[in-house]
Amino acid sequence: MPAFENTVQKGSDLLQRMTKQDQAVVAAVTLTAVATAIYATRAGTSRKRKFHFLQNLPPYVSADTAIDGVTYHTDPRKWTEKVTEQYGGTFRTDAIGRETIVVSRELAREVFLTDGLSFTRAVEDFTDVLGMFGIKDRRRYDHSGRFVTMNLTPNLKNFTKRVNVQLNIVLDRWLGDLKEPKVIGHLFPFVQSMVSKASTCIFLGDEMCNNDELVASCGDVTKDVGQLLRRNWWTKTFPTLNSWYQRYIFPNTAAVQKHRKIADQFIAPEIEKRLRLEQDATWKRPDDLLQKLIDAHPASEDYGVPYAQYIINWVFVLVFASIHTTTDNTTAVLYWLMKHPEYIDELRKEQEEVLEQEGTKGSDLELTFDAVKKMAKLDSFTREVLRLRTQDIMFTHKNISNRDVEMSNGTIVPPGTYITLNTWDISFNPDLQGDNVDDFQPWRFLGSNRQAVKIGEDHLTFGIGKHACPGRFFAVQEIKTIVSLLISKYNMTAATEITLPTTFRSMAMGAVKFEKRTA
Ligand code: HEM
């Protein structure tokens, strides 16, 4: 018997003689050895990259490097500012948890528009929400942008009415008739219940948005799935294992299965019901995105998974893109307002004037689509908050091609590596944003034709280019409607100190007191 086969045979005999516990120990040791080898190889590669003078790479600045007393972790905005002053616009860092090249504002458009550089694929490398939710063949959902542009945005006028009805239901539940003032400890859950109820109404229809379990699931699912990663710190340490784990292990965890089960229980029968009713010529098609998804994807075609599953996956593609992002930004706008309550009166005055002009004052539905659109001060306020939130480095893209991508300033992005935008250089640049960039100036964009939905190199919250967020019209409309409703109905004041976030990834904090407005 040749030596190799001999060794394999001996190994196999040995394994068979072992107890179950011994076999488990051998398996664990082997797995650890493989993982350590992968990690060591990656760490070696990353160390090699740090010899930038040998490879003509930009300088490397670790997130732990203190510059004038600040590290990325203690003050991301200041750190980015200091690094930019010291090293220029282009540098490399590990501040996003993996090594990336960071480039300045001149390259913003190019990063978003260059073929081979992908924002979505970079996001997936860090948090593969769709994969974790068990959506495997994700290229089938690549036309989500087109779907939203064709089916959500053109119907905003009609949808705003229904959004309003749902928002009022949630307000009644949380605040009732407010005989006594009420303090809400953190605004996020309150805002999330409004956004998820309103979005469920538009996505799944008027009937299903009365199902509290389903609405709560749509609200919580993004956070619950995201938290799986945070709880498993080691997935960050071993990036290769991370992707594998996200796709094959997380979909089976209780947190994900809970949301899948709720969707199967409530959405699947509704899809089947609608398919049956399609045969009935007198049936009135519901006006919601679920119906538009069914219409756009004929049940007779093969989608690789059962039809109801496919449509449910689509619903969750939309839920993941919209509910958490809108909640997060609405919460931010409200906290900025609590930090600067001196602007509430001006916003209320604008509201009164617009409602007078629109002739809706005092009616059941005061805040129509047109009324909310006309609130220019509120729009500028919203955009100013979005500017101040994009304050350090963001929008990591990955080179998904198999060749080097050369940027116009000569920076090389090797295949499989990351390039990130220096958003401090964009959001705090006087040429792009005007004077006093460090200050909160809510009317900064008033009368300038730079609305919150107007994307460009000076406003990157929604991306730019062919994949720019198609849901931004709905999102901004929702943010403005929620703020308008709250300031018109309640007197809101800070009940504790309000702290504003220092990075896009962190959140404002503070309790807010609500009192019923009498006038
Ligand atoms: C304030 C809330 C929101 C923020 C900050 C936001 C931000 C973004 C960003 C940065 C992108 C990627 C852009 C790019 O790749 O260049 C994106 C894509 C997308 N967003 Fe939003 N979004 C928000 C709300 C929504 C809403 C309400 C929807 C509605 C369903 C939505 C649907 C989508 C879709 C479908 C895409 C993928 C577009 C494509 O790949 O072509 N988003 N969003």
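## A buried threonine

Threonine 200 is buried, since 26 other C-beta atoms lie within 10 Å. (Buried takes 20 or more other C-beta atoms within 10 Å of the residue's own, exposed takes 12 or fewer, and partly exposed is in between, with C-beta atoms placed from the backbone.) You'll find threonine 200 in helix α10, residues 187–204. Helices (H or I, at least four residues) and strands (E, at least two) are DSSP runs here, numbered from the N terminus.

Leaving out residues up to four places away in sequence, threonine 200 touches Met208, Cys209, Leu214, Val215 and Cys218. A contact means that the C-beta atoms of two residues, placed from the backbone, lie within 7 Å. Leucine 290 is 90 residues away from threonine 200 along the chain, and their C-alpha atoms are 10.0 Å apart.

## The model and the whole chain

What you're looking at is a predicted model, where local features need pLDDT of at least 70 and side-chain atom pairs count only at pLDDT 80 or more, while totals for chains, interfaces and linings use all residues. Residue numbers start from 1 along each chain as its sequence is written.

The chain has 22 helices and 11 strands. Of its 519 residues, 34% are buried. Take the contacts with a separation of 6 or more: 74% of them join residues 24 or more positions apart.

## Helices α15 and α16

Leucine 290 turns up again in helix α15, among the residues that touch α16: Leu289, Leu290, Leu293 and Ile294 of α15 meet Ile311, Trp314, Val315 and Leu318 of α16. That contact has eight nonpolar residues, no polar and no charged ones. (Nonpolar covers Ala, Val, Leu, Ile, Met, Phe, Trp, Tyr, Cys and Pro; charged covers Asp, Glu, Lys and Arg; the others, Gly among them, are polar.)

The axes of α15 (residues 289–296) and α16 come within 10 Å and cross at roughly 130°. Axes are lines fitted to C-alpha atoms, for helices over the stretch in contact, and angles run from 0 to 180 degrees between N-to-C directions. The two helices are therefore oblique to each other. (Under 35 degrees is roughly parallel, over 145 roughly antiparallel, 65 to 115 roughly perpendicular, and the rest oblique.)

## Around the ligand

Helix α16 also gives the shell around the ligand its largest share, six residues. Which residues come nearest to the ligand? Out of 25 around it, they are Gly145, Ser322, Gly463, Cys469 and Gly471. (A residue is near a molecule or strand if its C-beta atom, placed from the backbone, lies within 6 Å of it.)

Elements giving two or more residues to this shell are α6 (119–126), α8 (144–151), α16 (307–339) and α22. By class, the shell has 12 nonpolar residues, 12 polar and one charged.

## Helices α19 and α22

Helix α22 (residues 472–489) has a crossing partner too: its axis and that of α19 (residues 376–389) come within 10 Å and cross at roughly 115°. That makes α19 roughly perpendicular to α22. Leu378, Asp379 and Thr382 of α19 touch Val476, Ile479, Lys480, Val483 and Ser484 of α22.

## Two positive phi angles

Aspartate 68 isn't a glycine, yet its phi is positive, about 50°. It sits in the loop between β1 (60–61) and α4 (76–87), and is exposed, with 11 other C-beta atoms within 10 Å.

Phenylalanine 395, in strand β6 (residues 393–399), has a positive phi near 60°. Buried or exposed? Phenylalanine 395 is buried, with 22 other C-beta atoms within 10 Å.
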